Structure formats: C-alpha cells, structure tokens
Amino acid sequence: MQTRITQLFGIQHPIIQGGMHFVGKAELAAAVSNAGGLGIITALTQKTPELLAKEIARAREMTDKPIGVNLTFLPTFAKPPYPEYIAAIIDGGVKAVETAGRSPEEHMAQLKAAGIKVIHKCTSVRHALKAERIGCDAVSVDGFECGGHPGEDDVPNFILLPRAAEELKVPFVASGGMADGRSLVAAMALGAEGMNMGTRFIATKEAPVHDNVKNAIVAASELDTRLIMRSLRNTERVINNSGVEEILAIERAKGDALKIEDIIDQVAGIYPRVMEQGDMEAGAWSCGMVAGLVRDVPTVKELIDRIMAEAEAIITKRLAGALAK
Ligand SMILES: Cc1cc2nc3c(=O)[nH]c(=O)nc-3n(C[C@H](O)[C@H](O)[C@H](O)COP(=O)(O)O)c2cc1C
C-alpha cells in the first residue's frame with residue numbers, strides 16, 4: 001500500500017509506532033522498521049543525549065531500514081537539553097522525528113537543516129494547522145481515544161480525522177484507537193494516509209517490557225482506562241489500577257485546588273517500576289481504550305502482516321463486494 005506517508009518516510013506499510021516512554025527502545029523500533037513500518041525510539045527514555053546516541057546505534061545494528069526518534073516537549077520542571085538530543089539524532093543519521101507535547105517551532109531550523117522529516121503529533125485541528133504552518137512534513141492526529149495525552153478538547157477520531165482532512169494540505173496519520181486492518185481502512189476512509197499505534201505495539205513479543213504489562217493490556221477491556229490530571233490541564237489516559245484509584249480519590253477530594261505535588265507519588269518515576277519490574281499497581285501509565293481490541297501477543301511482523309492482509313481483504317472483498325451488489 002502506497003500513500004504520501006510511505007513515500008515521505010521510505011517505508012513499505014503506512015504504519016508508525018508512536019514514541020512510548022520506557023517502551024520505545026531499540027528492540028521495538030527495529031522490529032517495526034524491519035516489518036516495513038516506521039519504528040520510533042523515544043528520546044527522553046534515554047537520560048542523556050549520549051545514551052540516546054547509543055540507543056540509535058543499537059537500533060542500527062538491528063535494522064538497516066529507516067527509523068525515527070520521538071521528541072516529547074514536556075511541561076516539566078527541568079527542561080531536557082533538546083538541542084543536544086537533536087544533535088544525537090542528526091549524528092545518528094536518523095531522518096524522521098516525531099514531535100509531541102508542545103510545538104516544535106523553536107527546533108524546526110535545526111531539524112530541517114539536517115534534512116529530517118518531522119511528523120508532529122497533536123490532538124486538535126488548530127495545532128495540526130500550526131504544525132503545517134511552521135514546516136512540519138506530516139501530522140499524527142491523536143484522537144480522544146488515545147493512550148497518553150489526548151489534550152483537553154475530547155474530540156474522538158470519527159470527527160477529528162475528517163476535520164483534519166478538510167483543513168490540512170500535508171499528509172496525516174490517524175493515531176489513537178488503532179489496532180488492526182479495520183482501523184487502517186477506516187482511518188484512510190476518513191482522510192488519513194496511514195496510522196500510528198501505541199498501545200497495540202506494547203503487546204508484541206519484541207516490546208522490551210515486562211510480560212505483566214503485555215498481559216494487562218490483553219486482559220483489559222475498552223472500559224478499563226481512566227483520565228487523570230484533567231484539572232491540571234495535563235490530561236492523561238491511563239490503565240486503571242490501585243495507584244490510579246488513589247489519584248482519582250485525591251483529585252475528587254481536592255477539586256480544582258489540585259496540585260501536581262498532591263499526586264506526585266503515583267505519577268513520578270512509575271514507568272521503570274511498571275515496564276521493567278512489572279509492578280502493575282505502582283501508579284499511572286498510559287494506555288489507550290484500544291486495549292479492548294488487543295487479544296494476543298504476536299511478533300511485530302505477524303501483527304503488521306496481519307493488519308495489511310486484513311486491510312486488503314476489507315477493501316477488495318467486503319467493500320468492493322458491497323458496491324457490486
Ligand atoms: C505506555 C505509553 C507511553 C507513551 N509515551 C509517550 C511519549 O513519551 N511521548 C509521546 O509523544 N507519546 C507517548 N505515548 C503516546 C503514543 O505515542 C501514541 O500517540 C498513542 O499511544 C496512540 O494511542 P493508542 O495507544 O490508542 O494507539 C505513549 C503511549 C503509551 C501507551
């Protein structure tokens with residue numbers, strides 16, 4: 001399947017693996033790229049730009065296909081040294097960057113001078129248009145269903161994607177709630193030229209996380225995520241667990257007076273405990289509603305091949321067949 005997204009990134013299938021903290025390491029990124037998608041290493045999981053350089057080099061040993069790096073601009077206390085992270089990306093020969101969080105505007109000159117294709121992930125049409133205006137090559141449109149930060153507008157992909165298609169000139173992928181061939185065909189029908197998946201890629205053999213995490217996603221239904229930090233305007237969709245129940249109780253008690261310090265124990269430093277040690281009650285970690293569609297732990301190649309075969313069957317048999325009747 002060829003779209004402007006496959007052409008832009010030089011990949012076989014229009015499937016991207018979104019950046020994921022403590023998941024998007026070399027093993028997963030290389031597996032996705034080897035299977036014909038675009039695998040993405042998550043920069044800030046590497047504590048320093050030097051460690052990111054090593055992670056890129058590790059991925060390079062596992063694949064000669066294009067890989068990308070995610071740069072998340074966080075509303076944090078200590079600002080990471082972004083120009084140095086970008087230098088590591090450039091020196092590592094990476095030609096695709098997924099940006100997320102705030103606008104990548106102040107870094108665009110550095111990225112574009114190195115010939116890097118930038119895909120900005122955002123949750124609204126206005127932010128997508130801004131990304132287009134500042135020179136991003138593509139956009140990842142992240143609907144309300146998504147795991148992680150869905151923004152504050154709460155517009156699901158059935159509305160958000162066609163709205164993006166009405167306004168954008170650059171190509172975009174659908175992100176949030178994507179799991180299978182049905183998702184890909186639906187996303188394309190709504191105007192996207194590919195899809196970005198997070199949660200679905202965690203439940204794969206190559207995802208370098210504890211088996212408890214994969215099993216939790218397989219066990220979860222579409223009802224098992226919660227939104228936290230809304231009153232901080234930093235809404236995050238996470239899988240429910242006892243740590244998250246504590247956050248929600250504190251949020252209810254504090255109301256609009258909530259401060260990040262009130263829930264810091266349940267949101268800070270949780271990822272290594274969950275992803276590496278498999279402590280499933282530790283606290284908040286991102287997970288999409290799409291967990292309700294995840295029922296197995298295939299290899300990345302099995303997953304991507306299955307998605308493409310299913311998409312082709314839907315287009316050529318079910319949809320074409322419906323027209324023929
Ligand atoms: C465990 C986890 C960690 C994530 N970490 C990041 C991150 O560090 N930066 C980022 O831009 N997006 C992050 N995301 C969002 C994904 O890249 C992707 O946009 C999202 O998962 C898409 O929704 P889906 O889970 O329904 O596929 C994360 C998602 C998950 C599930």
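Residues are numbered from 1 along each chain as its sequence is written. In this predicted model, local features need pLDDT of at least 70 and side-chain atom pairs count only at pLDDT 80 or more, while totals for chains, interfaces and linings use all residues.

**The sheet**

Begin by selecting the 8 strands, which form an open sheet with parallel pairing in the order β1-β8-β7-β6-β5-β4-β3-β2. Strands (E, at least two residues) and helices (H or I, at least four) are DSSP runs numbered from the N terminus, and two strands pair if DSSP finds at least two bridges between them. Select β1 (15-17) and β2 (39-42) next: these are the edge strands, each with a single partner, so one side of each has no neighbour in the sheet. From one strand to the next, the twist averages 30°.

Now pick β4 (residues 96-101) and β5 (residues 117-122), which run parallel and are joined by 4 bridges. Glu 98 is found opposite Ile 119 in β5.

**Two helix pairs**

Select α8 (residues 181-189) and α14 (residues 300-324). They pack at about 55° with axes 7 Å apart, and α8 and α14 are therefore oblique to each other (angles under 35 degrees count as roughly parallel, over 145 as roughly antiparallel, 65 to 115 as roughly perpendicular and the rest as oblique). Gly 181, Arg 182, Leu 184 and Val 185 of α8 meet residues of α14 including Ile 307, Glu 310 and Ile 314; contact requires C-beta atoms, placed from the backbone, within 7 Å.

Move to α6 (residues 125-133) and α7 (residues 157-167), whose axes come within 10 Å and cross at roughly 35°. Val 125, Ala 128 and Leu 129 of α6 make the contact with Arg 163, Ala 164 and Glu 167 of α7.

**The ligand**

Finish at the ligand, surrounded by 29 residues, of which the closest are Gly 18, Ala 100, Gly 147, Gly 198 and Gly 288. A residue counts here if its C-beta atom, placed from the backbone, lies within 6 Å. β3 (67-73), β8 (195-197) and α9 (199-202) are the elements giving two or more residues to this shell.

Note on methods: Axes fitted to C-alpha atoms, helices over the stretch in contact; angles between N-to-C directions. Contact = placed C-beta atoms within 7 Å.
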